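Here is a briefing to read beside the model. It goes from charge pairs to the chain contact, then to the fold and some local backbone features.

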Amino acid sequence: MALVLKNLTKVVRGVTHIKPTSLTLKKGHFNVLLGETGAGKTSLIKMMAGIDPVADGRLLMEGTDITDLSTQKRRISLVHQFFVNYPHMTVFDNIASPLRVAGMAKSEIEGRVGEAADILKLGPMLHRRPHELSGGQQQRCALARAIAKDSQAVFLDEPLANLDYKLREELREMLPELFAGRGAVVVYATSEPEEALLLGGETALMVDGQVAQFGPTAEIYRAPASLTAAQVFSDPPINHATVQKTGGQFRLGDVKWDAGAKAAGLADGRYTVAIRPNHVLPFATDAARTALVGRVGVTELSGSESSAHFEFGDNGWVSLAHGTHPYRLGEDHTFYMNTDACLYFAADGSRAA
Amino acid sequence: MKTENQKAWFFVLPVLLLVAFNALIPMMTVVNYSVQETFGDNLFFWEGLGWFEQILRSDRFHAALGRQFMFTALILIIEVPLGIAIALSMPRKGFWVPVCLVLMALPMLIPWNVVGAMWNIFALPDIGLLGYFLNHVLGINYDMTQDPVAAWVTIITMDVWHWTSLVVLLAYAGLVSIPDAYYQAAKIDGASNWSVFRFIQLPKMKNVLTIAILLRFMDSFNIYTEPFVLTGGGPGNSTTLLSIDLVKIALGQFDLGPAAAMSLIYFAITLLVSWLFYTLMTKDDLN
């Protein structure tokens, strides 16, 4: 039982915005759409919700074709990045509105609204108007409306993007249990790789209006199928450079390392190596042994982690490590790369090893 | 110690003068006439509240007041729903928006006496386009100079033609201020077009509609020029609305005392109804 997209395509005035997309979005876990702004996450959601017209392809809900079904009849919920509540209604009426429209009995409406309000801690605010709430409360109200309704699919389009850091953390922790056991397909769009990892489930990486890769979130993080997928699913940006394989060794400028078990079978030639910043450290460890020397440009300290941007070869690289480290800006520093964590891509961008 | 002075009062003075000459002094003149009897030559005799009593007991006043309420009720019943319906069916964006707005505004730009004259000629049974069409093409016996029903149909139609646009434009302004996000949210809630109208569009239009109804009430309740030019209050007294009757008493019969008393009663009714309506419509917004 799932929401199935078969070659779903969106065309606006002759320009293809969403290339034919096929996905099977299942129940019971989060289906994350991860991509940068403009990658087509919202467009895809709007098509699934029936708000925007579908140029081609089919959409199936639990095996039933709903491509031509109007939004009103789809039994779905949608929470936006900006907080959408009816301004002239109280929080109670806002949460109750889809239930009233569905013609539910008054006692059941009260029960459901009460339950949703309890989960989202909106109990004391039920008789206020949306403009009397804080941003976090407004978004909780929108979420309560989504869970109170008996939906087959819930679309969350960057619901936490406009909230401040603390609230975002708090609500993000709430989200999985909020939708657990409700029997709805949950689709969550985000531009933050970290969010996708925290929510787990399955992730579709979106690039330029198409899905670059789809699968269990942890798996596609560990094993991106293409350089593009690796780039989308990495923050800070993944380091990459062109390398030459000769015999059992890779060479990047003056740096050489052994191909290791997984890349040993590759034919000699040029490849692109990509390595996540957390595998490039400012100190040597048992795993990170390959030394790179680069001039440090910018350093950032974020809580317990510090990152350093340095110039290496023709590219800018990033190192991300726990603790604080004594970088001197504008001077050379030696970083150590864990070559076991290197990903190799062929000339066409597909994963080689 | 802080010095206090009363100079700030001078800032209020211009407004005070304006209001005095614009409203208070003319009105006090009317009050002056309403409690006295005059035979010209600036000779006045105290009458007390006699004229008020006479007007309030007069069948003629009751009849005119009844006609006035009927006229206002009829045009409100027609113009408000019709205006909302037209506003709902107008495009919200694109090339046709300015075209529609200009077309809607046109009737309101025509001077009131011209509107009356236009409809008078338009409705004449033998030479008017409408009158000729009804009588000689459709075979309906229509003559607003003879038949009270025809006269009423004509003045109501004229007012609807002239003033529905006001409701349309105000309702439209309320509608375009609704962000697309609410329509989307309503669609996702599964709301029918009726629910969208009832729970989103109507509440959003409430404030502008209150103003629209208030303006239409006051304007229609005080209407004079158009029906005067169109029917002159006839046939008989069938379309003699309050203001027409008032002018007949004041200028036709030169009964200045009763006319002044009637003006004040007329004014009090307009004020009372407007105040009641506005207070009732906006009382929810206060809490």
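A salt bridge here means a side-chain nitrogen of Lys or Arg within 4 Å of a carboxyl oxygen of Asp or Glu. By that rule, a search of the whole structure finds 22 salt bridges over all chains. The model is predicted.

**Salt bridges**

- Side chains of opposite charge can pair when their charged atoms come close.
- A:R58 and A:D68 pair through their side chains, at 3.3 Å from N to O. A:R58 sits in strand β4 (residues 56-61) of chain A, and A:D68 in the loop between β5 (64-65) and β6 (76-79), so this pair ties together parts 10 residues apart in sequence.
- A:R58 is partly exposed, at 35% relative accessible area. A:D68 is exposed, at 69%.
- A:D93 and A:R100 form a salt bridge of 3.0 Å, N to O. A:D93 is partly exposed, with a relative accessible area of 24%. A:R100 is also partly exposed, at 43%.
- A:R328 and A:E331 form a salt bridge of 3.0 Å, N to O. A:R328 is exposed, with a relative accessible area of 56%, while A:E331 is partly exposed at 39%.
- In chain B, salt bridges with shared partners link B:E79, B:D159, B:R216 and B:D219 into one network.

**Contact between chains A and B**

- Chain B brings 15 residues to the contact and chain A brings 20 residues.
- About 1,600 Å² is buried between the two chains, and carbon and sulfur atoms give 61% of that area.
- On the chain B side, B:K187, B:I188 and B:D189 lose the most area to chain A. Together they make up 42% of what that side buries.
- How many salt bridges are counted between chain B and chain A? The count is 1.
- B:D189 and A:R145 meet in a salt bridge through their side chains, at 3.7 Å from N to O.

**Chain A overall**

- Chain A has 9 helices and 20 strands.
- The C-alpha atoms fill a box of roughly 75 × 45 × 35 Å along the principal axes.
- Chain A has 353 residues, and 50% of them count as buried.
- Take contacts in chain A between residues at least 6 apart in sequence: 67% of them join residues at least 24 apart.
- Chain A exposes about 16,200 Å², with 49% supplied by carbon and sulfur atoms.
- There are 36 positive and 39 negative charges in chain A, and their mean positions are 5 Å apart.

**Backbone features in chain A**

- The peptide bond from A:D235 to A:P236 is cis, with omega near 5°. A:P236 is placed in the loop between α8 (227-232) and β11 (239-246).
- A:R13 is not a glycine, yet has a positive phi of about 45°. This residue lies in the loop between β1 (2-12) and β2 (15-26). A:R13 is exposed, at 81% relative accessible area.
- A:D208, also not a glycine, has a positive phi of about 50°. Its place is the loop between β9 (202-207) and β10 (210-216). A:D208 is exposed, with a relative accessible area of 58%.

**A buried alanine in chain B**

- B:A87 lies in helix α3 (residues 59-89) of chain B.
- Is B:A87 buried or exposed? B:A87 is buried, with a relative accessible area of 0%.
- Leaving out residues up to four places away in sequence, B:A87 touches B:R92, B:V168, B:A171, B:Y172 and B:L175.
- B:W51 is 36 residues from B:A87 along the chain, and their C-alpha atoms are separated by 46 Å.

Methods
Residues are numbered from 1 along each chain as its sequence is written. Chains are lettered from A and ligands numbered from 1 in the order in which they are written. This is a predicted model: local features need pLDDT of at least 70, side-chain atom pairs count only at pLDDT 80 or more; totals for chains, interfaces and linings use all residues. Side-chain values use heavy atoms; hydrogens and water are left out. Helices (H or I, at least four residues) and strands (E, at least two) are DSSP runs, numbered from the N terminus. Buried means under 20% relative accessible area, exposed over 50%, partly exposed in between (1.4 Å probe, protein chains only). Contact means heavy atoms within 4.5 Å. Accessible areas come from the Shrake-Rupley method with a 1.4 Å probe; for residues, only the protein chains shown count as cover. Lys and Arg count as positive and Asp and Glu as negative; His and the chain ends are not counted. The place of a charge is taken as NZ of Lys, CZ of Arg, CG of Asp or CD of Glu. Buried area is the accessible area (1.4 Å probe) that two parts lose on being put together, summed over both.
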